[in-house]
Amino acid sequence: MGRAYQNRKVSMAKTADAKAKVYSKYGREIYMAAKSGGIDPSGNLTLRGLIDRAKKDQVPTHVIEKAIDKAKGGGGEDFAPARYEGFGPGGCMVIVDCLTDNPNRTFGDVRLCFTKTKCKIGTQGAVSHMFDHSAILAFKHNDEDAVLEALLSADVDVSDIENEDGKLTVFTPHADYAKAKQALTDLLGEIDFEVDEIQFMPRSVTPISGGDVVMFEKFLDMLNDLDDVQNVFHDAEY
């Protein structure tokens, strides 16, 4: 699982260097988390995790505060999640997660990215059954047994746990994210998580090469240029 996670992180890093896009992405996610779960990070672990990640990605404080203030006021945009699935170059599988205030516009924009790069957009569930929807928590710690015991005692379904060079990486189903984070905090106190994310993890990889790689990178660039696109998950390996 860890290898697939690292592969996706490396490939996605190539399209994550636009600051405005990063700020917009976090702004929407923080707004939605605060609106649905409350504006107090101490009582909303999803919001707290997002704020921590935003700070690590050097998102300015005023961007974070503005998003929370929007949620506090109850007004602002009414974003809704949208997910699209399909097949990329070389037959790789792709999931595109969006937050949108206009689903028709977003679907049209995402579909255009597929068609212009000779990819095929599919129906809901077309490829997601080949991914695990996982929470990933990575932090510096050596006692794997104590961590595993604490998670199991909190009734967390641990999919995998890796111990490498004094860093533990815990994988759980996405539904157990808050429960897992609370169990770790109860055991270890305040933790500086190196990774604190929910992702679709491919169960296998699809190797692509040659012209498919060029087309796939164009496809990723087009998707990541769309304001509504929050995350792109795939099983491509190159």
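Student: Which strands does helix H5 lie across?
Tutor: Helix H5 (residues 103–116) lies across E1 (80–87), E2, E3 and E9, and runs at about 20° to E1. Helices (H or I, at least four residues) and strands (E, at least two) are DSSP runs numbered from the N terminus. Axes are lines fitted to C-alpha atoms, for helices over the stretch in contact, with angles from 0 to 180 degrees between N-to-C directions. The model is predicted: local features need pLDDT of at least 70, side-chain atom pairs count only at pLDDT 80 or more, and totals for chains, interfaces and linings use all residues. Residues are numbered from 1 along each chain as its sequence is written, and side-chain values use heavy atoms, leaving out hydrogens and water.

Student: In what order do the strands of the sheet come?
Tutor: The order is E3-E1-E2-E9, in an open sheet with antiparallel pairing (two strands pair if DSSP finds at least two bridges between them). Strands E3 (120–121) and E9 (229–234) each have a single partner strand, so one side of each lacks a neighbour in the sheet.

Student: And how many bridges join E2 to E9?
Tutor: Strand E2 (residues 93–100) is joined to E9 by 5 bridges; Ile 95 has Phe 233 in E9 as its bridge partner.

Student: Changing topic, is Leu 47 buried or exposed?
Tutor: Leu 47 is buried, at a relative accessible area of 0% (buried is under 20%, exposed over 50%, partly exposed in between, with a 1.4 Å probe and protein chains only).

Student: Which residues is Leu 47 in contact with?
Tutor: Leaving aside neighbours within four places in sequence, Leu 47 contacts residues including Ile 30, Ala 33 and Pro 41 (contact means heavy atoms within 4.5 Å).
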